[in-house]
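Please read this briefing alongside the sequence and the coordinates shown below.

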Amino acid sequence: MSSCQHELPRAYEPADVEKKWFPIWENNGYFHGKPNPDKKGYSIVIPPPNVTGILTLGHVLNNTLQDVLCRYHRMNGEEVCWFPGTDHAGIATEARVEKYLRKEENTGRDELGRDEFIRRVWKWKEEFGGKIIRQLRTLGCSCDWERERFTMDEGLSDAVRRVFVELYNKGYIYRGQRMINWCPVAKSALSDEEVIYKDVPGHFWHFRYPLADGSGYLVVATTRPETMFGDTAVAVNPDDPRYKHLIGKLVKLPLTDREIPIVGDEHADPTKGTGCVKITPAHDPNDFEVGKRHKLAVINVMNPDASLNANAGPEFEGLDRFEARKKCVAMMDEQGLLDKVEDIVHAVGYSERGDVPIETLVSYQWFCNMKELAKPAVEAVKSGSIKFYPERWSKTYFHWMENIQDWCISRQIWWGHRIPAWYNDDNGEVYVGVEAPTAPGKWRQEEDVLDTWFSSWLWPFSIMGWPKNTDELKYFYPTCDLVTGPDIIFFWVARMIMAGCEFMKEIPFRNVYFTSIIRDETGRKLSKSLGNSPDPLDVINAYGADALRFTIVYIAPVGMDIRYSNEKCEIGKTFANKLWNACRFRQMQGACTDAAEKLGAETVAALSGDEKWMLSKLDAALDSIKTSLADFRFHTAAHDLYDLVWSDFCDWFIEAEKVPLRAGGADKQRACEVLDYALWRILRMLHPFMPFITEELAHAMGFLADGDTIMYSAFPENDGLAVSDGLIAMVEGKFELVRGGRFLRANYNIPDGRKVNFFIKAADADALAELESERQMLTGLLNAENLTLSLDEFDSAADGAAPSKLCGRGTIYLPLAGLIDVNAELIKLGKQRKELEGWISGARGKLSNERFLAKAPEQVVADAKKQLAELEDKLTRTVELINSLS
């Protein structure tokens, strides 16, 4: 503890404070965590953002919560390590660099070749990648930046190869021909989890397929006419009396010279459509299974870019799939083979990265059988070894895990971990190993790379040096908490649990907190295309990093979407200013005391009722904040802090302490000591949420010496001061009367600074005695010219109109004589009442109109109801004012 270090400027300038402190923290190694047998360890891994990424509000929320946890555990004396890093993001990065090279050099991967293109990607990564990591520093993230890793670092790449080989040797990884999702933009396979389904308008085209013997036709329906060139059968149900006599016969495949068989298969549902189904084994997963049962040919009609290939015939070869669709429908119509067109809305799979409709097609790919890997991961959550917050996400997890499909792990791109498999062109041998084969022969490595998530699922232990048995692994693994978005519960969370159980024989983390989805004020998800996604760096420039951090936690209730607007950052900004001004006020009272850490026995013995009340409020908030953080209720902790600082400390306690501060002597010394004690506890409680301003104020107030940091100051403990319920009730009763007085002022637009008379009728003799003992304090808080305390009723006949407010300790009256013209006020309020009654009548009429309710948009109706409620509330208050004056 030291004397006040420096006088605080009148205005808080967040940019100056934030630029000052982050380099100090980082250069002094305050973020670095290392194995320490004398301390409890706490570790957390950052969800690695894409190396191409830039900071979004989603990142702000996620990383702020992680930082809150890390700073809180640091202050609790634990050895904290927050492991940072970035993901190589195969498809996204390759597409970004390809676009960059086209623009800057008019070249790309095909012209450069594999080795040179990959070299260019590494060069781009070094120059432009990792921008988001630099931006996270601006937010104040206390990651151990000395340990920053990249998913294609050599150590992490070695982990990927070893895992692939181990799973291959166990028979879990295999190469086979299966139906997969294909992105025409990336020209690569996708896992099921990389496909986003959107409801879009479309059509069912009903086509006539003529019977080969000329005796009629069958009608089949499709949403993708361009795939008909890959049809190899028409299926009917073997028990359908309409068609079973046709099984084994042939139909002519329109627009081709082929004939295809009619097969009997239960996939054809007699109750749906005509009961006939075109079978395209290469382009539909259900048809693929039908094809296997009937040994049908598999004819792929798509090129990698989703244009049609030679199997579609010369008229269609090279056409884009959607152009081919139009042409196909037109030709079927010309030939009299278009039976009808049905408009529909259907779910279409879109590539998460390319944002275009995917194609389902049969392809040789590498897969990983996940069923055995999933079993211990399911048990880890069922047993409670891993807990989800909110818990409801466990149902989503179990549903996916218990129905898990083989994971398509190969991608047809160049940037990523190349699959460690080699083919011997001399004898057809396949070799899988961590290193290239040394046996003689003409070996060539598999061209495909692994899905980006194949490295990310190893992140909690590969980032600590696995497969080496490092000191970090022994001390920091398993990690403690994971903070992530629910959108990657399958991509990442579930797979990390599987990988931890399989390769470490231990869960990767104990708790998973799923963040909220951030939406704009109208409920839309934030996106660049909608123009409703602010740049967090612009927000930080306008409001400050602490303000953004505090606001986004404050408005993020557990398990509920966030309604965000930049204007809401005023919450954090004004809160920071309030705290700053409270510290400035304390500095204006004189030198800092030595009581910030602990109040002396003499001071405790002399505490006033208000001071005891404040200390009880500090203890109650502290207990609530600790419980909230233990339960991952971050926003509850933020609200408790806000109420403690803004209302309890600034609005009530500081105002109450002005009386002993003005009194001077021992009273002033005691008040300064209590203010110092309370402020130092508040700054430490707030630090995990608002690190910059709390560090600055802790030094400015003299609570810390130069070279010290609030980051390693102990989080406060409950001081155990016994404060009776009766004393708390007395103080809060006094404050309730003051609130009542301020309410009466506001109703009649009487400025706070104007001195007025108040009359309080005490509830009983005990209350009167208590209020008399607090007369000086009450007079100051009410800014009263005269304060009358009595057990008698206010005599309105003698003293004129006086509106009142009933409170627990009595009733407070505001005599209006000399303040307003009562008769003129009654006339004005009467006019206002009449206007409101007219508006209410009109609003009720509109909302009782059935045509309005049926035709008006939902939001318009909601706004009309809200307006009516506001008008009714205004009328109620107007009537109350009239009655109080009459």
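This is a predicted model: local features need pLDDT of at least 70, side-chain atom pairs count only at pLDDT 80 or more; totals for chains, interfaces and linings use all residues.

Residues are numbered from 1 along each chain as its sequence is written, and side-chain values use heavy atoms, with hydrogens and water left out.

**Whole chain**

- The secondary structure of the chain comes to 30 helices and 29 strands, where helices (H or I, at least four residues) and strands (E, at least two) are DSSP runs numbered from the N terminus.
- Taken along the principal axes, the box filled by the C-alpha atoms of the chain is roughly 115 × 75 × 55 Å.
- Of the 886 residues in the chain, 54% are buried, with buried meaning under 20% relative accessible area, exposed over 50% and partly exposed in between (1.4 Å probe, protein chains only).
- Among the contacts in the chain with a separation of 6 or more, 77% are between residues 24 or more positions apart; a contact here means heavy atoms within 4.5 Å.

**Nonpolar cores**

- The largest nonpolar core has 210 residues, of which Phe388, Phe454, Trp457, Ile497, Met498 and Phe649 touch the most other members; such a core is a set of buried Ala, Val, Leu, Ile, Met, Phe, Trp, Tyr and Cys residues joined through side-chain atoms within 4.5 Å.
- Helix α21 (residues 634-663) supplies the largest share of this core, namely 15 residues.
- When residues up to four places away in sequence are not counted, Ile497 touches Ala377, Ala380, Val381, Ile386, Phe388, Tyr397, Pro508 and Phe509.
- Helix α15 (residues 489-504) is mostly covered, since 14 of its 16 residues are buried.

**Helix pairs**

- Two packed helices are described by the angle between their axes and the distance between the axes; the axes are lines fitted to C-alpha atoms, for helices over the stretch in contact, and the angles run from 0 to 180 degrees between N-to-C directions.
- α21 and helix α22 (residues 665-686) pack at an angle of about 165 degrees with their axes 8 Å apart, and are therefore roughly antiparallel to each other; angles under 35 degrees count as roughly parallel, over 145 as roughly antiparallel, 65 to 115 as roughly perpendicular and the rest as oblique.
- The crossing of α21 and α22 is left-handed, a label used if the near helix is turned anticlockwise from the far one by less than a right angle, with right-handed used if clockwise.
- By class, the contact of α21 with α22 has 18 nonpolar, one polar and four charged residues, where Ala, Val, Leu, Ile, Met, Phe, Trp, Tyr, Cys and Pro count as nonpolar, Asp, Glu, Lys and Arg as charged, and the others, Gly among them, as polar.
- Helix α2 (residues 57-75) and helix α6 (residues 131-139) pack at an angle of about 60 degrees with their axes 11 Å apart, and are therefore oblique to each other, in a right-handed crossing.
- In this pair, His59, Val60, Asn63 and Thr64 of α2 meet Ile132, Leu136 and Leu139 of α6, and the residues of the contact divide into four nonpolar, three polar and no charged.

**Backbone geometry**

- Most residues other than glycine have a negative phi, and most peptide bonds are trans.
- The peptide bond joining Trp466 and Pro467 is cis, with omega about 15 degrees, and Pro467 lies in the loop between α13 (459-462) and α14 (471-476).
- A cis peptide bond also runs from Tyr477 to Pro478, with omega near 0 degrees, and Pro478 is placed in the loop between α14 and β22 (481-484).
- Lys295 has a positive phi, near 55 degrees, and is exposed at 76% relative accessibility, in the loop between α8 (285-294) and α9 (321-334).
- Ala306 has a positive phi near 70 degrees and also belongs to the loop between α8 and α9, but is buried, with a relative accessible area of 1%.
- Lys505, which follows α15, has a positive phi near 60 degrees.

- Leu530, in the loop between β24 (518-519) and α16 (536-543), is partly exposed with a relative accessible area of 42%, and is in contact with Arg524 and Lys525 once its neighbours within four places in sequence are left aside.
- Glu774, in the loop between α25 (765-773) and α26 (775-782), counts as buried at 13% relative accessibility, and touches Asp610, Met730 and Lys734, not counting residues up to four places away in sequence.
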